[in-house]
Amino acid sequence: MLGLMQDYPLLAHTILDHGALNHGEREMVTRSVEGPIRRTTLADVRRRSLRVARALELEGVKLGDRIATMAWNTERHLEVWFGIMGNGAIYHTLNPRLFAEQLDYIVNHAEDEIMFVDLTFVPIVEALQSKFGTVRKYILLTDSEHMPETNLPNAVAYEDWIDSADDDFIWKSFDENTAAGLCYTSGTTGNPKGVLYSHRSNVLHGLMVNQPDVFGLKSEDVILAIVPMFHANAWALSFAAPAAGAKMVMPGAGMDGKSIYELLETEKVNCTAAVPTVWLGLLQYLEETGQKLPYLEKVVIGGAAVPPMMIRKFELDYGVEVIHGWGMTEMSPLGTTGKMKNATSHLDQEARLKLKEKQGRTPYGVEMKVVDDDGNDLPRDGKSAGHLLVKGPCVSSGYFRLDEQTLSDGGWFDTGDIANIDPLGFMQITDRDKDVIKSGGEWISSIDVENAAVGCPGVTEAAVIGLSHPKWTERPLLIVVRDAGSDLEADAVLAYLDGKIAKWWIPDDVVFVDEIPHTATGKIQKMSLREQFKDFEFSK
Ligand code: ADP
């Protein structure tokens, strides 16, 4: 027997309707790409999104068409997202940090029809546009006053373009499983793969993220949405904030410590989210200037393991709660957050800070488990590490236009991470499966070794890779970028590590480099490091 409840489709633009109707006065603040701070409201964002939807309709955009955006987090970018979704088309976020060949591949694979571009990225797009065969119009996210000379076909200033449309558009209605957004993962091997979010998954994920033990946004909150909309769906903030009626602050292109600090202060931001690199910049700025963070209550950090020092600085020096998060593009992206819980309330400060180094536990909406190489479930004992598998309504079931099976029996998705789960449900990532170091038949956690190494005075960044070894199969090599002006030596780093990690995890050697290569999403490119050091010989 079926229940007798309404068949109300979970369409993403209904979130904006809710926000505008109930919190229409709520401010939306943007550091504009042109320079000045721009202020608008949630009600205005909705009105202008309706214009975007109408203008797209006038351009002949139909249900399922892909519309690309290469843009910073701004209110215009948000309007464009909702306008595209409310028209039944699909926002396709382009990461401007990708290599030219990847962008070329992605735009052609997605067959994007129209592209919205921020002024910053016009040169990137101009250089590639002759290869973007399917894109027939470029809309520059600016007004006529700031419109540059450009050779982009049919280029128009966004403000002029939406001025030509009225705002009495009525959102289209369709099945909640209709595609809403497309985001390609960088993929360290092979071509990028398109993750295709649906309206339903975006709505459910927005609600999931608003649970108190996750981001827990409420109407009084002021959220600085630093995590880019062009990477992993901005960790759902574009949906979670309007759903809650929280004030959104958008940093535009200003990702440096000073710009971030200014927004935290002037807008009285109480919560924010970004990858560790951004916080390194802010913490450095705070140390240099002696500023404090009087308004900030919590910071969500994820996308890469949070260095223990960062957790301590935020919590102990600035009184800001750190919520360690883990996820991936294929999970919409949020998988876990490391909020303390009732069963951890007896822990002292030191034990709590240590626990926060783990990636955390799942909210309702994500299932996870770890399995061994043969697919057997491993116990939640906090020790048994294996392949981390997930499932849920916001986890991808396949890639756009790729005919490959991505789920195992039982519908589990292999995250490619190696992790353990403790009896309280806290998951800890020890490695990526392709980066695992196996020494004498046992795994060495490169994340633990790297975390310990960045704690050593004089170390800016550290990466560990496994190199083949005649006796142990593989042994770790530590690659270090020194602080400017530091004359740190290998022996001092190894002496520092002694006692902080298992003896047999201590790298066999340390090499110093000027720079460690990163992917477009800021992750260390272990593959290219392995290539670079493939002929390295350990001295012992
Ligand atoms: P890509 O960089 O491949 O485009 P994602 O941004 O989706 O993709 O990266 C997801 C991966 O990032 C995860 O599978 C995991 O390896 C890593 N990651 C994300 N958050 C964390 C974290 N808090 N700690 C350690 N690793 C993390």
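A232 sits in the loop that joins strand 10 (222-225) to helix 8 (237-244). A232 is not a glycine, yet its phi is positive, at about 50°. These values come from a predicted model.

The peptide bond from S332 to P333 is cis, with omega near 20°. P333 belongs to the loop between strand 14 (321-327) and strand 15 (334-337).

**Helix packing**

Two packed helices are described by the angle between their axes and the distance between the axes. Two such pairs are set out here.

| Helix pair | Axis angle | Axis distance | Crossing |
|---|---|---|---|
| Helix 2 (residues 42-58) and helix 3 (residues 75-86) | about 55° | 7 Å | right-handed |
| Helix 1 (residues 13-23) and helix 8 | roughly 35° | within 7 Å | left-handed |

Take helix 2 and helix 3. On the helix 2 side, the contact uses V45, R48, S49, V52, A53 and L56. Helix 3 answers with R76, L78, E79, V80, F82, G83 and I84. By class, this contact holds eight nonpolar, two polar and three charged residues.

Now helix 1 and helix 8. The axes cross at roughly 35° and come within 7 Å. Helix 1 brings I15, H18, G19 and H23 to the contact. Helix 8 brings F239, P242, A243 and A244. Five of the contact residues are nonpolar and three are polar, with no charged residue.

Rolling a probe the size of a water molecule over the atoms shows where empty space is left. How many cavities of 30 Å³ or more are there? The count is one. The largest cavity has a volume of about 40 Å³. Its lining is made up of F215, L217, I223, L237, C271, T272, A273, K298 and V300. Strand 12 (271-274) and strand 13 (298-302) are the elements that give two or more residues to this lining. Strand 12 supplies the largest share, three residues. In the lining of the largest cavity, seven residues are nonpolar, one is polar and one is charged.

Helix 11 (308-317), helix 12 (349-355) and helix 13 (446-454) each contribute at least two residues to the lining of the second largest pocket. The lining of this pocket divides into seven nonpolar, two polar and six charged residues.

Terms used:
Residues are numbered from 1 along each chain as its sequence is written. This is a predicted model: local features need pLDDT of at least 70, side-chain atom pairs count only at pLDDT 80 or more; totals for chains, interfaces and linings use all residues. Side-chain values use heavy atoms; hydrogens and water are left out. On a 1 Å grid over the protein atoms alone, a cavity is a set of points where a 1.4 Å probe fits but cannot get out, and a pocket is an open set with protein on both sides within 12 Å along at least five of seven lines; lining residues have an atom within 4 Å of a point. Grid points are joined across faces, edges and corners, and a volume is the space filled by probe spheres set on the points. Helices (H or I, at least four residues) and strands (E, at least two) are DSSP runs, numbered from the N terminus. Ala, Val, Leu, Ile, Met, Phe, Trp, Tyr, Cys and Pro count as nonpolar, Asp, Glu, Lys and Arg as charged, and the others, Gly among them, as polar. Axes are lines fitted to C-alpha atoms, for helices over the stretch in contact, and angles run from 0 to 180 degrees between N-to-C directions. A crossing is left-handed if the near helix is turned anticlockwise from the far one by less than a right angle, and right-handed if clockwise. Contact means heavy atoms within 4.5 Å.
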